[in-house]
Amino acid sequence: PDVIWIDDDVRMHSHPPVKFGCFCETCMKKFNVMNSCNFDREKLVSALLEDHYPERNALRENWLEFNRRNMAEILTEIKDSVHKVDDAIILGFMTANYRWSLYSAPDLKRYGDILANKDGKVKYRPGEGFWDDGEPVAVVYKGIGLGQQVSISRREAEFLCEIEGMPYQTLVKTPAMTAFEIACHIGLGGVSGVTINLMDCMANDWREQAACLEMLEEKRTYF
């Protein structure tokens, strides 16, 4: 393939039923060695939750950096495996709302540097939700969120935001609002293009989303 996308499920949190990871024996041992400490799981969680305000919780900062390193190691393994086959393949990393991702403490620039191919090319797909137009102003909030993700990523990259059609029902998210979303995110989010998921892949009648295809054709030159 020309491009392989890495999903935003590559993260340290929100993998139900696990809310926050990883506290397995391997990670506990690794964290203790890296930080010259000797926590068990219960004591570490208790210490991480301690409120040191107005001072900073240094242990919590060490844990966030540990999460960043784990993420970097995962992405390095993916990059090495792919580029061992073909180092021209471009890797893309899907990212999510930065505020929602704070537990994983993503270092998006570092990750982009890791994933870049032999020519220095890498892609990001910043995402932020907005699956229905029940609250139209949320499309602007999403645009701001995309801009936050772009601002802390590797600059020498291509940014293609997520346009999500789920639940694939034009009564829930209209073609007109979808068109505005695309324009808003190119302008406000600072992305250079979009990835579009508007067609139902669950064997329902494709004609349900035909209006979205007509909108894309009509607005092509505008975008």
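The following legends describe several close-up views of a predicted model.

Residues are numbered from 1 along each chain as its sequence is written. In this predicted model, local features need pLDDT of at least 70 and side-chain atom pairs count only at pLDDT 80 or more, while totals for chains, interfaces and linings use all residues; side-chain values use heavy atoms, with hydrogens and water left out.

**View 1. Packing of helix α5 (residues 138-151) and helix α6 (residues 175-187).** Two packed helices are described by the angle between their axes and the distance between the axes. Here the axes come within 9 Å and cross at roughly 30 degrees, which makes α5 roughly parallel to α6. Axes are lines fitted to C-alpha atoms, for helices over the stretch in contact, with angles running from 0 to 180 degrees between N-to-C directions. Angles under 35 degrees count as roughly parallel, over 145 as roughly antiparallel, 65 to 115 as roughly perpendicular and the rest as oblique. Helices (H or I, at least four residues) and strands (E, at least two) are DSSP runs, numbered from the N terminus. The crossing of α5 past α6 is right-handed, meaning that the near helix is turned clockwise from the far one by less than a right angle, anticlockwise being left-handed. On α5 the contact (heavy atoms within 4.5 Å) is made by Val139, Val140, Lys142, Gly143 and Leu146, and on α6 by Phe180, Glu181, Cys184 and His185. These residues divide into 5 nonpolar, 2 polar and 2 charged, where Ala, Val, Leu, Ile, Met, Phe, Trp, Tyr, Cys and Pro count as nonpolar, Asp, Glu, Lys and Arg as charged, and the others, Gly among them, as polar.

**View 2. Aromatic pairs Phe93–Tyr111 and Tyr124–Phe159.** The whole structure holds 7 aromatic pairs. Rings of Phe, Tyr and Trp (its six-membered ring) pair if their centres lie within 6.5 Å; planes under 30 degrees apart count as stacked, over 60 as edge-to-face and the rest as tilted. Phe93 and Tyr111 have ring centres 6.0 Å apart and planes at 85 degrees, so this pair is edge-to-face. It links distant parts of the chain, with Phe93 in strand β4 (residues 90-95) and Tyr111 in helix α4 (residues 108-115), 18 residues apart. Phe93 and Tyr111 are both buried; buried means under 20% relative accessible area, exposed over 50%, and partly exposed in between (1.4 Å probe, protein chains only). Tyr124 and Phe159 form a stacked pair, 5.1 Å centre to centre with 10 degrees between the planes. Tyr124 in strand β5 (residues 123-126) and Phe159 in strand β6 (residues 158-164) are 35 residues apart, and both are buried.

View 3. Gln149 counts as buried, at 1% relative accessibility. Apart from neighbours within four places in sequence, Gln149 is in contact with residues including Thr95, Tyr98, Leu108, Pro126 and Glu128.

**View 4. Backbone features at Cys22, Pro54, Ser14 and Phe130.** Most residues other than glycine have a negative phi, and most peptide bonds are trans. Gly21 and Cys22 are joined by a cis peptide bond, with omega about -5 degrees, and Cys22 lies in the loop between β3 (18-20) and α1 (25-35). The bond from Tyr53 to Pro54 is cis, with omega near 10 degrees. Ser14, in strand β2 (residues 13-15), has a positive phi of about 60 degrees and counts as partly exposed at 25% relative accessibility. Phe130, in the loop between β5 and α5, has a positive phi of about 65 degrees and is buried, with a relative accessible area of 8%.
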